[in-house]
Amino acid sequence: MTKRKIRVAVVYGGRSSEHGVSVVSAGSVLSALDPDRYEVVPVGITRDGGWVLTGADPEKLQITGRTMPEVETGTAVVLSGDPAAHGLVVVEPGEGAQVLGSVDVVFPVLHGRFGEDGTIQGLLEMAGVPYVGPGVFASAAAMDKEFTKKLLRAEGLPIGDYVVLRRGADVSAIDVEHLGLPVFVKPARAGSSIGITKVKQWADLAEAVATAFEHDDKILIEAAIAGREIECGVLEDETGAPIASVPAEIRLVRGHDWYDFEAKYLDDACEFDIPADLPAEVTATVRDLACRAFTALDCAGLARVDFFVRPDGSVVINELNTMPGFTPISMFPQVWAATGVDYSELVDRLIASALRRAR
């Protein structure tokens with residue numbers, strides 16, 4: 001008797017500013033799913049919120065030159081409303097997915113708002129469909145950098161200095177100079193370095209604030225931390241306990257001053273040391289803090305925890321990503337490959353974790 005394949009809906013694209021990154025991540029995930037084990041249902045979400053059934057050709061979901069791929073509205077195939085036939089009903093923007101009944105598990109390869117922030121997690125919870133990654137609360141808390149820092153601080157974990165600014169506030173009345181220069185001005189609920197500015201003189205602060213407000217109604221102004229940029233992946237083991245990967249270090253090359261969007265995805269301006277060349281005690285601290293941060297935010301499934309390691313060896317947590325990039329150059333799959341879990345096994349483990357939690 002032939003064993004029934006696991007039906008996996010890979011959802012990608014979305015309404016956030018990280019749409020293109022999500023599409024590239026999905027291409028990698030689709031390539032890694034074993035067709036002998038999984039029946040794949042690729043579902044793209046356009047920038048205006050339309051859900052479309054897409055082809056499963058990963059070659060079409062790649063960066064071309066310096067152009068990020070898109071989920072195109074014109075390629076939409078609107079399905080009939082028969083859940084027994086499809087398991088997914090693709091509908092017009094604003095209506096969302098009406099039926100997810102016959103899908104075994106959803107892999108929401110969505111970055112940023114309307115995907116990594118608890119919104120699609122809430123939809124899937126209501127529909128009773130298992131899904132990869134943390135739940136509603138953890139996703140929302142990790143997406144909002146203000147509340148990430150508050151929760152980490154409440155657990156006694158090390159974070160940097162910052163100021164929160166909401167739209168409509170008087171920038172001149174906010175005490176930011178105690179942070180020192182430079183500072184980073186960033187949207188509170190965005191990722192992939194989109195909308196972030198490194199400010200080296202206070203005269204440039206207002207413009208940086210305006211740029212961040214283009215992406216969110218709340219922004220953070222953070223003190224720049226002099227140190228090495230270290231990232232660490234976290235997965236759940238078979239008991240649900242967090243385990244950490246080897247840490248990796250990001251080193252910028254070819255003229256980039258910091259790890260911005262172009263450096264990450266378009267300019268091939270980063271080199272990675274995997275594992276990072278750190279003293280054994282610092283490596284142990286990073287891995288321990290990654291697991292503690294994962295637990296502090298009540299995460300599940302996976303997360304990537306980003307750190308700064310100062311010259312004196314002290315470690316500061318920068319942020320958590322509950323659906324980190326899955327592109328071929330993304331750090332999360334690379335650190336797990338270096339830890340002994342290759343890309344295909346990584347995807348298998350995430351799907352198994354989602355199904356285990358559902359049981």
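Reader: What percentage of the 359 residues in the protein is buried?

Author: Buried residues account for 55% of the 359. Buried means under 20% relative accessible area, exposed means over 50%, and partly exposed lies in between, with a 1.4 Å probe and protein chains only. Please note that this is a predicted model, in which local features need pLDDT of at least 70 and side-chain atom pairs count only at pLDDT 80 or more, while totals for chains, interfaces and linings use all residues. Residues are numbered from 1 along each chain as its sequence is written, and side-chain values use heavy atoms, with hydrogens and water left out.

Reader: And how many helices and strands does the protein have?

Author: There are ten helices and 14 strands. These are DSSP runs, numbered from the N terminus: helices are H or I with at least four residues, and strands are E with at least two.

Reader: Which strand is largely enclosed by the rest of the structure?

Author: That is β8, residues 218–223; six of its six residues are buried, so the strand is largely enclosed by the rest of the structure.

Reader: How many bridges join β5 to β8?

Author: Five bridges join them, and the two strands run antiparallel. Strands count as paired if DSSP finds at least two bridges between them. β6 also pairs with β8 in the antiparallel sense, over five bridges. Glutamate 222 in β8 is the bridge partner of tyrosine 162, and glutamate 222 is also the bridge partner of phenylalanine 184.

Reader: What sits over the ring of tyrosine 162?

Author: The charged end of lysine 149 does, 5.5 Å from the ring centre. A charge sits over a ring if NZ of Lys or CZ of Arg is within 6 Å of the ring centre and within 35 degrees of the ring normal.

Reader: Is aspartate 144 buried or exposed?

Author: Aspartate 144 is buried, with a relative accessible area of 7%. Its place is in the loop between α4 (136–143) and α5 (145–154). Leaving aside residues up to four places away in sequence, aspartate 144 touches Ala188, Arg189 and Lys218, where contact means heavy atoms within 4.5 Å.

Reader: New topic: how many aromatic pairs does the structure hold?

Author: It holds three. Rings of Phe, Tyr and Trp (its six-membered ring) pair if their centres lie within 6.5 Å; planes under 30 degrees apart count as stacked, over 60 as edge-to-face and the rest as tilted. The rings of phenylalanine 107 and phenylalanine 326 have centres 5.9 Å apart and planes at 90°, so this pair is edge-to-face.

Reader: Which parts does that pair tie together?

Author: Phenylalanine 107 lies in strand β4 (residues 105–109) and phenylalanine 326 in the loop between β14 (315–321) and α9 (331–339), so the pair ties together parts 219 residues apart in sequence. Both of these phenylalanines are buried. Phenylalanine 326 also pairs with phenylalanine 332; their centres are 5.7 Å apart and their planes at 55°, so that pair is tilted.

Reader: Which residues form the aromatic cluster?

Author: Phe107, Phe326, Phe332 and Tyr343 form one aromatic cluster.

Reader: What lies over the face of phenylalanine 114?

Author: Arginine 15 lies there, 4.1 Å from the ring centre. Phenylalanine 114 itself belongs to the loop between β4 and α3 (119–127). Its phi is near 65°, a positive value in a residue other than glycine, and phenylalanine 114 is partly exposed at 31% relative accessible area.

Reader: Lastly, which peptide bond ending at proline 182 is cis?

Author: The bond from leucine 181 to proline 182 is cis, with omega near 0°. Proline 182 is placed in the loop between β5 (162–166) and β6 (183–187). A cis peptide bond also joins isoleucine 274 and proline 275, and proline 275 is found in the loop between β12 (270–273) and α8 (280–296).
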